[in-house]
Structure formats: structure tokens, C-alpha cells
Amino acid sequence: MYVRKRLMEIKQRLGPVTRELGLRHSLRKTSEDELVLCFDRRDENGVRWVSPTCFIFPPAKWTREDEITWKHVMLDLDETVSYPVGTNGWIFYERDFCMLWGHPVAPGETDAQVDRAFELAAENLRGQALAPQAFGLDLPYVVSDIDIGQLWEFLAPECRRRNIEQVDVIRRDGGKEAYVFEYAGRSFEVEYRERRAVLLKDGQVLRFLGEEDDHAEAASELGAALVELEASIRLSGAP
């Protein structure tokens, strides 16, 4: 009963939009006992694709209300951020569905504020792409490893500086993802082991790249490793 009236009003107001888009209204509970109303659909493979638009209902122990009002319901109008990684057609979805932010639907408890919130919700539902709900789904050409996805922003400039034009994303048996490229006649891979970047040369671990989760440092260390390699090749006179 605590959220029933608000859910019914959402269904009434946004139902035409969600039906048009083929979206379901899905309610879940967070570890903080918040209820979150998401809008999603499943594809032919059973993968759940979710809109970044959602309503968040704080628990009664926080609001001190028997029936939650729009003053306390939060509307999250996030955006779906996705971008290509590597050079062979892979995509990374940046959104983290564990991080929910929102603003009260009607802090002043006015009808105008409620109406405006629903207008914004409808605009966001139509305007934002869906994203796969969780990482680790092994979707074709969709990066599952958060670190691999986030590293590309820093790895790409290091590769461009050295005229490395082809950097492939691969997924091995077991789901491990990595970047693969050729440089100075050698084959290199960058992957993550226990949240630390590792550089492999010809299949063998060459060095760890920086501290845990520091993607900028990992890319910088990769650049330094390639400089050292090139210098050693010149000194040895190897082709």
C-alpha cells in the first residue's frame, strides 16, 4: 500500500509511452530497502535492456509516511553513455545501474511539479537508448569488463602516438577480455587480473601496469614499456 497509488499513477501517465516503446514497468529493491521502478525489455536471447529513467521510492522508515507522496519520490533522469572501444567494432556501455541519483518529483508538492516531472520522464524514455542491465553478459561486440572499457580512453592516445592503428578487443573462452595489438614486430595484449592491468608480450606476462583501478597510470606505464622495448630492439640490432 505504501507505493501502490504512486505506481498506479505512473502506469496511467507513462503507460502510453512505455507501450509505444515496448517497455515493461519493473520494480526491484535495493540493499538500502529503496524500491526502484525501472523500464525495460528483454531481447530474443533473454538479455534485459534498461532505460536510464527510473523512479526511486525511499522506505517508510526514512519518509515517516504511511503512503509515500511525490515530495519523497525521486526521479532519476540519467543518460545512456556508450562509445566504441578498440578498432574492431566493440562498444562499451558506461552506465552503472548500482549508482542511482535523483531529484524529488515535487519538492513543493504542487501539481505543476508533478506534471513537469512526468513530461521529463517521457522525454527521457524516448530520447535515451537502452543499455544492458549488468556487466559480464558476454554480449557479442559489447565489452563486459568495466576496466577494459574504461581503459580505452587512456590507451587510445598512447597507441596513436606510436602509430598503432589496429587494436582489437578479444574475448577468450571463459569470458576474459583483452586488447591485442602489434608493435615493433611483437604481439601484445593488455588484460586485467585482480583489477590490475597486465601487459603480455607474445603470450607471456611482461609487467603489471600501475596501481589498481588507475587507468591513466596503466596507459602511461604501457607507453613506457613500449619505449623500453623499442630501445632494447635498437640496441640488440634485432629486426
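The legends below describe an overall view and several close-up views of one predicted protein model.

Residues are numbered from 1 along each chain as its sequence is written. Because the model is predicted, local features need pLDDT of at least 70 and side-chain atom pairs count only at pLDDT 80 or more, whereas totals for chains, interfaces and linings use all residues; side-chain values use heavy atoms, with hydrogens and water left out.

**View 1. Overall fold of the protein chain.** The chain has 5 helices and 13 strands, which are DSSP runs (H or I of at least four residues for helices, E of at least two for strands) numbered from the N terminus. Its radius of gyration is 23 Å, well over the 18 Å that the globule rule gives for 239 residues, so the chain is more spread out than a compact globule; the radius is taken over C-alpha atoms, and the rule is 2.2 Å times the number of residues to the power 0.38. Along the principal axes, the C-alpha atoms fill a box of roughly 80 × 35 × 30 Å.

**View 2. The largest nonpolar core.** A nonpolar core is a set of buried Ala, Val, Leu, Ile, Met, Phe, Trp, Tyr and Cys residues joined through side-chain atoms within 4.5 Å, where buried means under 20% relative accessible area, exposed over 50% and partly exposed in between (1.4 Å probe, protein chains only). Of the 29 residues in the largest core, I10, L14, F39, F55, F57, W70 and V105 touch the most other members. At least two residues each come from α1 (4–21), β2 (35–42), β3 (48–57) and α3 (111–127), and the largest share, 6 residues, is supplied by α3.

View 3. Beyond its neighbours within four places in sequence, V105 is in contact (heavy atoms within 4.5 Å) with F55, W70, V73, M74, L75, Q113, V114 and A117.

**View 4. E189 in strand β11.** E189 lies in β11, which spans residues 186–193, and is buried, with a relative accessible area of 16%. Not counting residues up to four places away in sequence, E189 touches R172, Y179, V180, V198, L199 and L200.

**View 5. D115 in helix α3.** D115 is found in α3 and is partly exposed, with a relative accessible area of 34%. From C-alpha to C-alpha, D115 and Y83 are 33 Å apart in space, while 32 residues separate D115 from Y83 in sequence.
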